[in-house]
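Colleague: I have a model open and would like to go through it with you. Could you take me through the parts worth a look?

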Amino acid sequence: MRSAWLADARFRRRLHALGWACFIGAVAGAGALGTSGVGRLDALITDAFLHWSPRALPDDVVIVAVDDASLAALGRWPWPRDVHARLLDRLTAAGSRAVGLDLILSEPDPAHDAALAAALRRHGHVVLPLHFTPGETPGGMVSLPVPALAGAAAGLGQLHVDRDADGLVRALFLREGFGSVSWDHFAVALLRQARPGIDLAEPAPDPADGMGAAGTAGRAEAGRWNRSARFLIPFAGPPGSVRRVSYVDVLRGRVDAATFKEATVLVGATAPGLTDAYPTPVSRTEALMPGVEIAAQALVALREGRTLRPPTWWQGALLAVTPLLLALAVLRRTRPRVGLGVALGLMPAIVVLAWALHHLAGVVWAPSAALAGLALVIPLWSWQRLETALAYLEREFHRVRERLPPRDGLAVSASGGDPLDRRMAALTAAASRLRQLEGQRREAMDFLSHDLRAPLSATLALIELADADADANGPTLAAIEVQTRRALALAEGFVELARAEAPEALRTAPLDLRDVIVEAVDGAWSEARQRGVAIETRAPDEDAVCDGDVALLVRAVGNLVDNALKYGRAGGVVRCELSRTATGWRIDVASQGEPLAPTEAAPLFDRFARAAGGAARVTAGAGLGLAIVRSVARRHGGDAGWRPADDGNLFFIELPRAAG
């Protein structure tokens, strides 16, 4: 039964270990695959980081806004292009570094294109936009500014943004185009004009790189719109964070020219219904961010070297499983409530870590895999421990029930409640009954030790006093003495056996078995002399150290010597030898006499068993001596047994060496 339980426990441990390995692997895989942060929970968390860490934007990036006031003052849109030319001349005169005209200029305006082209040349650092429009033609269509304007501009840039699955704009691609022909983003092209020779850090590779216009992954190839260098925009604040001035105010000179001195200026629409506005992570519910401000915030981030990147796959996996492994380590070594507190405390710590990575290192880590792992570790751990506890309670219940009398075992049962309640109730009932039986055992020992032994000892004393007048009652007194001594031996043997088997009886300490043999032989010296038996002892010169209870071991060896004296040949020799074995020590006690058959020797270590033959019939004994020997040996982690000797019988005790 015990081996079956052990095998089941090992199987459960292996199964649990396999389950945890699979769970940790799944969390690591989710962390590795979730590095792009496209999950809804991850997006909400990382979006919140932008609100937690607003940044002040520099004053030298200015948006000239085509707003409601400008439309009211200058009339219906679109305005003649000579209006834009006059605005551009004011910006040139104010000393602006570069200007980005976020205006659709793909349709010709014959009356005013020349004026605007001339203004573009006078400034010398103006960037115009281009747009890609998907269509039925292969790859779609690119809308470029009219040739006169495109030739006069210092550069062109595409103004596309990248929407995630939830519709929010969190990124843009720094390069887009057909095959080998590609254009910088509008913000990059403008920054190159404002800061010639600037070294722009290339964003880390992103899973979305190489996405075509239709949203499918593909390599750059002719006839297909290709996108690369995906740039996660580290928004510095909500819409309106970039400095704005009204178009009409600039045109009419109501804005101080110093505002544009050495500034990078973006001209674009902000009026509702006129602009290309998008929802962003920093936008409020009712406010969208104009495309021109998205470009402005991207330009500032690129100029300051502020980039966001997802972690590599192995970094994402490591970040996901580290809190989980820490929680498991705590759960294995502390109480469940402590483990629960640590696991719950790790959840906000993970969010803080993700924020720190985002704010300090520019790493956009998706923490949902780590959070989900921690959310699941407590119920999974509790389930495993509950299963283990249920198995343990059932095993202990069966072990306790096996120690009960059969009829008592049938009486232990419980009903109602869940399986844990029932097993706890059953184990409690079995343990209660076992404690009751233990109390009865102690009462029986007290009875044998005091109430029964005292009158027997008194009877023997009276018999000895009556020996002087033994002429008349001699035979009767002799018979009474034999039976009384037998009853006393039975009581004393039973008490010694009960003490040897009692859990509280064993008091171990390091000892030398040579001293045990000497003390046991000394105790049998008087009886050996009466029987004319010589006792020979042999022991090694080295210390025979063993962890044991001196009193119990002396009693066990003494029982073997006493047994050899009683059942051995009178006038013979009893040999008591201590020797080393592969795992410990062995004490052999051999006597001369009639050898036992194996079938006769096997039951001798049972209670109340005595050898057959004449010696047993004339020798007083209770049949408990060898039972005590085996009980003591097994309590010490060893065993006792018999084997035939050359001229008699040999009984032995095997004991392990002292630990260490």
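Modeller: Let us begin with helix α21, residues 625-635, in which Leu626, Ala627, Ile628, Val629, Ser631, Val632 and Ala633 are buried. Please keep in mind that this is a predicted model.

Colleague: Which residue with a positive phi follows α21?

Modeller: That is Gly637, with phi near 85 degrees.

Colleague: And which strands does α21 lie across?

Modeller: Helix α21 lies across β19 and β20, and its direction is at about 125 degrees to that of β19.

Colleague: What is the strand order in the sheet that contains those two?

Modeller: The order is β15-β17-β18-β20-β19, an open sheet of five strands with mixed pairing. The edge positions belong to β15 (534-538) and β19 (639-645); each has a single partner strand, so one side of each has no neighbour in the sheet. From one strand to the next, the twist averages 15 degrees.

Colleague: In which sense do β17 and β18 pair, parallel or antiparallel?

Modeller: Antiparallel: strand β17 (residues 573-580) and strand β18 (residues 584-592) are joined over seven bridges. As an example, Val574 has Ser591 of β18 as its bridge partner.

Colleague: Which strands does α16 touch?

Modeller: Helix α16, residues 513-523, packs on the sheet and touches β15, β17, β18 and β20 (648-656). The direction of α16 makes about 170 degrees with that of β17.

Colleague: Let us stay with β18 for a moment. Is Gly584 buried or exposed?

Modeller: Gly584, which lies in strand β18, is buried, because its relative accessibility is 0%, below the 20% limit for that class.

Colleague: What does Gly584 touch beyond its sequence neighbours?

Modeller: Setting aside residues up to four places away in sequence, Gly584 touches Ser579, Leu655, Pro656 and Arg657.

Colleague: Over the face of which residue does Arg586 lie?

Modeller: Arg586 lies over the face of Phe652, at 4.0 Å from the ring centre.

Colleague: Turning to the aromatic residues, how many aromatic pairs are there?

Modeller: Counting rings whose centres lie within 6.5 Å, there are three aromatic pairs. One of them is Trp77 with Trp79: the ring centres are 4.9 Å apart and the planes stand at 70 degrees, so this pair is edge-to-face.

Colleague: Is Trp79 buried or exposed?

Modeller: Trp79 is buried, with a relative accessible area of 4%, whereas Trp77 is partly exposed at 27%. Trp79 also pairs with Tyr247 in a tilted arrangement, 4.9 Å centre to centre with 55 degrees between the planes.

Colleague: Where do Trp79 and Tyr247 lie?

Modeller: Trp79 is in the loop between α3 (68-74) and α4 (81-94), and Tyr247 is in helix α8 (residues 247-251), so the pair ties together parts that are 168 residues apart in sequence. Tyr247 is buried, at 0% relative accessibility. Together, Trp77, Trp79 and Tyr247 form one aromatic cluster.

Colleague: A change of topic: where is Leu57 found?

Modeller: Leu57 is in the loop between α2 (40-52) and β1 (61-66), and with a relative accessible area of 16% Leu57 is buried.

Colleague: Which residues is Leu57 in contact with?

Modeller: Leaving aside neighbours within four places in sequence, Leu57 contacts Ala236, Ser241, Val242, Gln297 and Val300.

Colleague: What is the accessible surface of the protein chain?

Modeller: The accessible surface comes to about 33,100 Å², with 57% belonging to carbon and sulfur atoms. As for contacts between residues at least 6 apart in sequence, 76% join residues at least 24 apart.

Terms used
Residues are numbered from 1 along each chain as its sequence is written. This is a predicted model: local features need pLDDT of at least 70, side-chain atom pairs count only at pLDDT 80 or more; totals for chains, interfaces and linings use all residues. Side-chain values use heavy atoms; hydrogens and water are left out. Buried means under 20% relative accessible area, exposed over 50%, partly exposed in between (1.4 Å probe, protein chains only). Helices (H or I, at least four residues) and strands (E, at least two) are DSSP runs, numbered from the N terminus. Contact means heavy atoms within 4.5 Å. Accessible areas come from the Shrake-Rupley method with a 1.4 Å probe; for residues, only the protein chains shown count as cover. Rings of Phe, Tyr and Trp (its six-membered ring) pair if their centres lie within 6.5 Å; planes under 30 degrees apart count as stacked, over 60 as edge-to-face and the rest as tilted. A charge sits over a ring if NZ of Lys or CZ of Arg is within 6 Å of the ring centre and within 35 degrees of the ring normal. Two strands pair if DSSP finds at least two bridges between them. Axes are lines fitted to C-alpha atoms, for helices over the stretch in contact, and angles run from 0 to 180 degrees between N-to-C directions.
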